[in-house]
Structure formats: structure tokens, C-alpha cells
Amino acid sequence: MEIVDYYTLRYHKAMEMLNVLPPSIEPKASGHIMEQIEFVEKILDAGYAYESDGSVYFDVEKYNKDYHYGILSGRNIDELLETTRNLDGQSEKRRSVDFALWKKASPEHIMRWKAPWSVGFPGWHLECSAMGTKYLGEEFDIHGGGMDLMFPHHECEIAQNQAGLGKSSVRYWMHNNMITIGGQKMGKSLGNFITLEQFFTGNHPLLTKGFSPMTIRFFILQAQYRSTVDFSSEALEASEKGLERLIEGYARLQNLTAGEKSSIEIGNLREKCEEAMCDDLNTPIVISHLFEYLRIINLAHDGKETLSQADLDELNSVFKLFIEDILGLQSTETATEGIEAYRKAVDLLLNIRLEAKKNKDWATSDKIRNELTSYGFEIKDTKDGFEWKVAP
RNA sequence: GGUACCUUGGCCGAGUGGCUAGGCACCGGUCUGCAAAACCGUCUACAGCAGUUCGAAUCUGCUAGGUACCUCCA
């Protein structure tokens with residue numbers, strides 16, 4: 001339990017940093033043994049399972065006569081029977097493709113619960129059937145998961161629900177693809193295993209530096225979820241810069257002053273973004289639309305275009321909706337920037353520099369800029385003043 | 001070995017028969033006292049071979065490379 005908690009806490013911490021909203025419930029399989037036993041009984045009653053030496057197995061061959069086992073992953077049972085025929089150690093099962101619903105515990109096994117068939121533990125596909133339908137009902141809309149779970153795990157889940165409840169329960173399956181590192185799959189044996197913490201700190205031989213959680217999140221959103229995501233320092237650095245530009249533009253948008261009327265047609269960003277999201281959550285397209293509008297915002301910021309109050313309100317509303325609420329990208333503004341006295345001190349320095357510039361005292365002006373830059377500030381001159389921030 | 005999917009410009013990554021996203025980098029320009037930022041422009045790709053079609057990144061076949069699953073554990 002201690003080990004479980006250690007990793008659970010670590011996981012929650014990382015998810016929080018990535019701004020992944022917590023679910024309303026995270027049920028645990030070991031807390032739902034009764035439900036799982038009941039589910040086994042339902043499947044037994046329906047005749048799609050059999051008991052063998054204290055264990056209970058799902059009768060895949062029989063099920064496949066009435067339904068289609070492999071409907072999700074596009075497999076057919078005949079192939080499965082052939083490819084797994086000569087594996088041994090499965091004498092309790094009628095068929096090698098049959099999977100365990102309840103497993104009798106060997107004497108040294110640490111998971112032990114009492115069930116009508118033996119002291120043992122539930123089969124590993126069962127928890128999802130039992131808990132999913134307990135909390136979401138016998139039919140629910142979306143079931144997610146990694147593509148690696150499609151077969152056999154989700155396939156078996158469908159079979160269990162169909163056999164036990166008479167319905168396959170899930171309306172849409174959404175499988176996200178795997179992660180690769182430099183084009184190679186991530187694996188401990190390959191030495192390219194990188195944890196989220198290591199991405200954040202940059203403490204890994206394959207990383208040139210650390211990346212903020214928001215950079216990681218943005219990077220992932222720049223690929224459609226069904227595609228593999230290839231992590232590399234080079235690609236992450238590109239995302240980091242892009243995200244910075246996007247967030248900065250969003251901040252500019254909020255400070256833009258409206259003109260009499262718009263000098264440029266702003267079109268229907270909201271509709272375009274909604275359309276992209278409706279197309280199987282095509283977040284890269286949403287992001288590309290936002291970048292297109294970023295150009296308009298920057299033009300307005302430069303005074304080359306003007307936007308009416310109505311257009312500004314619309315853009316503000318859409319940018320907020322998609323950047324913050326839907327893509328979940330938080331501004332990386334640091335706490336120190338918010339301290340009033342500190343802001344005023346920096347403003348004061350830069351106002352002195354502005355004076356020096358007016359007097360063409362470039363030595364003083366450059367000194368202030370260069371010193372501040374070396375402390376980690378980013379100074380930008382604008383038409384009538386300056387902007388600054390702490391470099392990320 | 002079997003099944004499925006993938007291979008896009010320097011890098012990342014959309015796009016499913018004609019209109020050829022977006023980001024990052026590079027180069028040129030505008031702006032600037034010089035920078036930075038911003039803006040404008042340039043670079044025009046679809047693994048290879050063959051085929052279908054008036055027309056293919058997009059359809060078909062083959063070849064090469066990659067990924068996942070096919071066994072335990074979740």
C-alpha cells in the first residue's frame with residue numbers, strides 16, 4: 001500500500017502541474033471486490049463462463065458464436081486460436097483465448113479474497129466492467145485509454161459487459177497513441193525512459209534543459225491524440241517558443257484598446273475552433289487558428305490595424321474559452337511579477353532609461369537594459385514606452 | 001512469424017482525389033539610436049517503385065523503415 005500511495009501521490013502532483021483536472025472519483029479495484037464477484041456471477045448465470053479448479057474463465061469461443069469477440073481491435077478469433085495454440089501452462093482453460101474472471105490464489109500470492117469459487121483475486125479486465133458500470137451506469141458515452149489497452153483489455157471488457165449485462169455499455173472508445181523519444185519507443189531497457197519530473201527539471205541526458213508543465217501540455221496538444229507523440233528537446237524548444245508567443249499575444253489582446261470600428265475582418269474564429277474540436281478533438285487545428293488570429297492581435301498592438309470593442313470582446317471571449325478553458329493552458333506569469341513594490345521599482349528603472357533615451361544618453365540607456373537583461377528580465381521598447389517581464 | 005496502424009519541407013505537426021494548415025529554425029526586408037519584440041516576404045514537402053484517374057500527399061499493389069498488440073503483470 002505504501003508503494004501504491006507513493007506513486008499515486010507522485011502522479012497526482014504531476015497531473016496537477018500539467019493542469020489536468022482531477023476526476024470526481026478514482027475508484028480502486030481492491031475496494032470493489034464484491035462488485036467484481038457479483039459481475040462474475042452474472043456472466044456465469046448467462047452461461048458465458050465456466051469454473052475450473054477454483055478459477056472462473058470467460059468462454060470466448062461460445063461468446064464469439066453469439067457476438068463478435070474482437071470487434072474493437074479488428075481481430076478474428078480463428079487467428080487468435082492459431083497464434084496462441086502452442087503456449088503451455090494453461091491446462092485449466094478450455095481454450096487459450098479464454099481469460100480469467102476469477103483466479104484461485106496460489107499459497108504465496110498476496111492478493112486473497114473469499115469468493116464462492118476459491119480464495120483468490122479477480123481477473124484483471126473485470127475491474128473496469130464492474131466499476132465503470134457502477135459509477136457511470138450500464139451505458140455511458142466515452143471510454144478512454146491508451147491504444148495498448150485496446151487488445152485484449154478493452155476487448156474483454158466489452159465481452160464481459162455484453163455477457164453480463166446484455167449490452168456493450170460504451171458508446172465511443174477513444175484511444176490515445178503512445179509516446180516515443182527521439183523516434184524510439186520509451187522503455188527502461190532502451191535507457192530513454194523519461195519521467196514527467198525529469199521533463200520539468202531537465203535532469204536527463206536526452207534533455208538539453210527543463211520544460212515547464214505548460215510547455216509539455218502545449219506540445220502534446222499540438223499533436224492529435226490518436227497520433228504518436230515524439231518527444232525531443234528540439235521539438236519541445238519549438239513548442240516552448242510558440243506557446244510563449246501565444247500567451248503573450250493573449251495578454252496583449254486583453255490590454256488592447258478598441259477603435260471606432262475594425263479595420264480588418266475578424267471572421268468566425270469561434271466557429272472554426274469549435275469545428276476542429278468536433279472533428280475528434282483536433283487540437284492542432286484549433287492551435288493553428290489561434291496563431292492566425294494572433295497575427296491580427298499583434299497588428300492591432302502595433303497600431304497597424306484597429307479592432308472595434310465588439311470584435312475585441314469576441315476575440316477575448318474565444319481566446320479565453322479555447323486557451324484557458326478547453327486547452328487548459330495557464331499563463332506562466334510568476335508570482336513575483338504581481339508584487340506591487342517590485343513592479344514599481346522595475347518601472348522606475350525603465351522610466352529613467354526612457355529619460356536617458358530622450359537625451360540620447362545611450363550609455364545609460366543600454367546599461368539599464370543590459371543589466372536588467374542579465375538579471376533575467378526581458379525588455380521590449382514600444383512606440384510610447386516599454387514592456388518588460390521576467391524571462392521564463 | 002501473425003494482425004493493425006504509421007512514414008509529410010531543416011525540426012515538429014495538420015490535411016483523405018483538384019483550392020496544397022500552423023508552429024519552430026534559416027534567409028531577406030520594415031520598424032528601432034542599436035537591439036529585442038512585432039509585422040511583411042522567401043524557402044513549397046508528402047519513404048521508394050509501379051498502377052488507377054483528366055488529375056493523388058490523399059485510392060490500389062509491392063518494397064523499405066517504424067510503432068502497437070498477439071505471453072505475464074496492470
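Predicted model: local features only at pLDDT ≥ 70, side-chain atom pairs only at ≥ 80, totals over all residues.
Residues are numbered from 1 along each chain as its sequence is written, while chains are lettered from A and ligands numbered from 1 in the order in which they are written.

**Stop 1: the domains**

Colour chain A by domain: domain 1 covers 32–176, domain 2 covers 181–326 and domain 3 covers 335–390. These bounds come from an automatic or database domain assignment. The centres of domain 1 and domain 2, taken over C-alpha atoms, are 41 Å apart.

**Stop 2: a sheet of five strands**

Helices and strands here are DSSP runs, numbered from the N terminus (helices are H or I with at least four residues, strands are E with at least two). Two strands pair if DSSP finds at least two bridges between them. Select the 5 strands that form an open sheet in the order β1-β2-β3-β5-β4, with antiparallel pairing. At its edges are β1 (49–52) and β4 (113–114), each of which pairs on one side only. Zoom in on β1 and β2 (residues 55–58), which pair in the antiparallel sense over 4 bridges. There, S52 has S55 in β2 as its bridge partner.

Now select P107, in the loop between β3 and β4. Is P107 buried or exposed? The terms go by the number of other C-beta atoms, placed from the backbone, within 10 Å of a residue's own: 20 or more is buried, 12 or fewer is exposed, and in between is partly exposed. P107 counts as exposed because it has 5 C-beta neighbours inside 10 Å. For a sense of distance, select L18 too: P107 and L18 are 89 residues apart along the chain, and their C-alpha atoms are separated by 43 Å.

**Stop 3: helix α5 and what follows**

Select α5 (residues 126–136), where L126, E127, C128, S129, A130, M131 and T133 are buried. The buried residues of α5 pack against α2 (33–46), β3 (99–104), β5 (119–122) and α6.

Step on to E139, in the loop between α5 and β6. E139 counts as partly exposed because it has 13 C-beta neighbours inside 10 Å. Two residues are in contact if their C-beta atoms, placed from the backbone, lie within 7 Å. Leaving aside neighbours within four places in sequence, E139 is in contact with K167 and S169.

**Stop 4: a parallel pair**

Select β6 (residues 140–146) and β7 (residues 170–176), which run parallel and are joined by 6 bridges. The chain crosses from β6 through α6 to β7 in a right-handed β-α-β crossover. To check this, point the strands away from you: right-handed means that the path from the first strand over the helix to the second runs clockwise. Along the pair, F140 stands opposite V170 in β7, and G144 has M174 as its bridge partner.

**Stop 5: a sheet of three strands**

Next comes an open sheet of 3 strands in the order β9-β8-β10, with mixed pairing. Because β9 and β10 stand at the edges with a single partner strand each, one side of each is left without a neighbour in the sheet. β8 (residues 179–181) and β10 run parallel, joined by 3 bridges. One residue pair to pick out is I179 with its bridge partner V229 in β10.

Select A223, in the loop between α8 (213–221) and β10. A223 has 16 C-beta neighbours inside 10 Å, so it counts as partly exposed. Leaving aside neighbours within four places in sequence, A223 is in contact with V229 and P284. A223 and P284 are 61 residues apart in sequence, yet 5.7 Å apart in space, C-alpha to C-alpha.

**Stop 6**

Finally, show RNA strand B. A residue is near a molecule or strand if its C-beta atom, placed from the backbone, lies within 6 Å of it. Of the 52 residues around RNA strand B, K185, G242, S288, N298 and D381 come nearest. Elements giving two or more residues to this surface include α9 (233–255), α11 (283–301) and β11 (377–382). Which element gives the largest share? That is α11, with 10 residues. The surface near RNA strand B divides into 21 nonpolar, 16 polar and 15 charged residues. Here Ala, Val, Leu, Ile, Met, Phe, Trp, Tyr, Cys and Pro count as nonpolar, Asp, Glu, Lys and Arg as charged, and the others, Gly among them, as polar.
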